[in-house]
Every structure is written in C-alpha cells, then in structure tokens.
Amino acid sequence: MKRVRHIKEHQNQLLSRYKNLIEQAYNFRQTDSALSDISEFKAIKLLHKLNKLNYLNRDLKGLQQN
C-alpha cells in the first residue's frame, strides 16, 4: 500500500509540473517560439513518465485484487 501511495503522490507532482509546462509553452508561443518549444518538449517527456506510472499503477491494482 505504501508503494501505491508513493506512486500516486509522484504522479500528482508530475501532473502539476506537466500542467505548468504546458501553460508556460502556451504563454511563450507568441513571444519566444524557442522557449515555447523547449517547454513543450519537457512537458512531453513528463507526459511519457506519467503514462509509465499509470501503467505501473494499473498493474499494482490488478495484483491487489487477486
């Protein structure tokens, strides 16, 4: 249970950082396209990590039910 809670907390932190980076990329879009691209790239990397955590969390839930 402790591991599941830790994964969930980490997931929430990554989601918050992802949202901030997406907002930052949107704000930079009009003024500095290079910074916008960098923020968007970082957000995509975070989204990939979030998807991995979602996959792990799904597996852990399946193990707990059995």
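Reader: How many residues does helix 1 have, and how far does helix 1 reach from its first C-alpha to its last?

Author: A helix can be read by setting its span beside the one expected for its number of residues. In this predicted model, helix 1 has 27 residues and reaches 39 Å from its first C-alpha to its last, which is close to the 39 Å expected at 1.5 Å a residue.

Reader: Which residues of helix 1 are buried?

Author: The buried residues of helix 1 are Val 4, Ile 7, Gln 11, Leu 14, Leu 21 and Ala 25.

Reader: How should I read a nonpolar core, and which residues make up the largest one here?

Author: In soluble globular proteins, nonpolar side chains tend to be buried together. Here the largest nonpolar core has seven residues in all, namely Ile 7, Leu 14, Leu 21, Ala 43, Leu 46, Leu 50 and Leu 53. Helix 1, spanning 2-28, and helix 2, spanning 33-65, each supply at least two residues of this core, and helix 2 gives the most, with four residues.

Reader: What is Leu 46 in contact with, once its neighbours within four places in sequence are left aside?

Author: With those neighbours left aside, Leu 46 is in contact with Leu 14, Arg 17, Tyr 18 and Leu 21; of these partners, Leu 14 and Leu 21 are listed with Leu 46 in the largest nonpolar core.

Reader: How many salt bridges are counted, and which residues form a salt bridge with each other?

Author: The count comes to one salt bridge, formed by Glu 40 with Arg 29, the closest N and O atoms being 3.6 Å apart. Glu 40 lies in helix 2 and Arg 29 in the loop between helix 1 and helix 2, so the pair ties together parts that are eleven residues apart in sequence. As to accessibility, Glu 40 is partly exposed, with a relative accessible area of 29%, and Arg 29 is also partly exposed, at 43%.

Reader: Is Ser 36 buried or exposed, and what does its side chain reach?

Author: Ser 36, which is found in helix 2, is buried, because its relative accessible area is 2% and buried means under 20%. The side chain of Ser 36 reaches the backbone oxygen of Ala 25 at 2.9 Å. Leaving aside neighbours within four places in sequence, Ser 36 is in contact with Ala 25, Phe 28 and Arg 29.

Note on methods:
Residues numbered from 1 in each chain as written. Predicted model: local features only at pLDDT ≥ 70, side-chain atom pairs only at ≥ 80, totals over all residues. Heavy atoms only, no water. Core = buried A, V, L, I, M, F, W, Y, C linked by side-chain atoms within 4.5 Å. Buried < 20%, exposed > 50% of the residue type's maximum accessible area, 1.4 Å probe, protein only. Contact = heavy atoms within 4.5 Å. Salt bridge = Lys/Arg side-chain N within 4 Å of Asp/Glu carboxyl O. Expected span 1.5 Å × (residues − 1). Polar contact = N/O pair within 3.5 Å; in protein donor to acceptor, adjacent residues only side chain to side chain.
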